[in-house]
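Hi everyone, thanks for coming. Have a look at it on the screen.

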Amino acid sequence: MLIAGFPAGAWGTNCYLVAPAAGEECVIIDPGHQAAQGVEETLAKHRLKPVAVVLTHGHIDHVASVVPVCGAHDVPAWIHPADRYMMSDPEKAFGRSIGMPLLGELTVGEPDDLKELTDGARLDLAGLEFSVAHAPGHTKGSVTFRLPERADIPSVFFSGDLLFAGSIGRTDLPGGDHAEILESLGRVVLPLDDSTVVLSGHGPQTSIGRERATNPFLRQVADGLGEGAPAPAPRRGM
């Protein structure tokens, strides 16, 4: 399996291209702010053909390049319905201006073909099966994507802004809810095998085993102390 990722834009949002191998079809995850050029370079480098864009949530740092990327390759995008409004009105997700002029020219709105994700769905795309889990808390429509273990390749978990190496997503923006993100961690993350590779929306790769042992938020949820868990410190993402 081929997973090629790069951080894009002002928030260093991780965009991933996932394919069975080089030279095959691929899925693009979270083409955010200023990600279009990196997507094209990665497609060319690995001779990939995109078939879909899938989104972990609707914040502008994760969706800003969806329209140009989908338009250039005539592919659909997938998002949870609770976050769909953010694609056309990104500022509403923040309750205040986020200085949009500072972000440069943005193409907001929906791509021509936008599909909605549901909890427990299985997406068969590019010869891969992505399991979808609704994981609200960072936003109401946050989801994660998981690829099953294959031969000697461990399962891969695209956590979006639910789980980071050493931390979790912020919950102080409209639609965020600290108790809800803790519930999502307990329901979606804790049952995963320790060997599962975690590729998050910001920051470095980690594993479920590492986070189970060292992440203070996940440890508190595992110990049944979620109600007393502190709110996460702000990170680079939204």
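The buried residues of helix 1 are covered by elements that include strand 1, strand 2, strand 3, strand 4 (49-54) and helix 3. Helices here (H or I, at least four residues) and strands (E, at least two) are DSSP runs, numbered from the N terminus. Buried means under 20% relative accessible area, exposed over 50%, and partly exposed in between, with a 1.4 Å probe and protein chains only.

Before going on, a word on the source: this is a predicted model, where local features need pLDDT of at least 70 and side-chain atom pairs count only at pLDDT 80 or more, while totals for chains, interfaces and linings use all residues. Residues are numbered from 1 along each chain as its sequence is written, and side-chain values use heavy atoms, with hydrogens and water left out.

So which residues of helix 1 are buried? They are Gly38, Val39, Thr42, Leu43 and His46. Seen down the helix axis, these buried residues fall within an arc of 135 degrees, so they line one face of helix 1. That arc is taken from the directions from the helix axis to the C-beta atoms. On the other side of helix 1, you'll find Gln37, Ala44 and Lys45 exposed. Just after helix 1, arginine 47 has a positive phi of about 55 degrees.

Now to the inside. A nonpolar core is a set of buried Ala, Val, Leu, Ile, Met, Phe, Trp, Tyr and Cys residues joined through side-chain atoms within 4.5 Å. The largest one has 23 residues, and Leu17, Ile28, Val53 and Val66 have the most contacts inside it. Among the elements giving two or more residues to this core are strand 2 (13-19), helix 1 (36-46) and helix 3 (66-73). Leucine 17 touches, among others, Val39, Thr42 and Leu43, leaving aside residues up to four places away in sequence. Contact means heavy atoms within 4.5 Å.

Let's zoom out. The protein has seven helices and 14 strands. Of its 238 residues, 57% are buried. How many of the contacts between residues at least 6 apart in sequence join residues at least 24 apart? The share is 63%.

That's my tour, and I'm happy to go back to any part of the picture.
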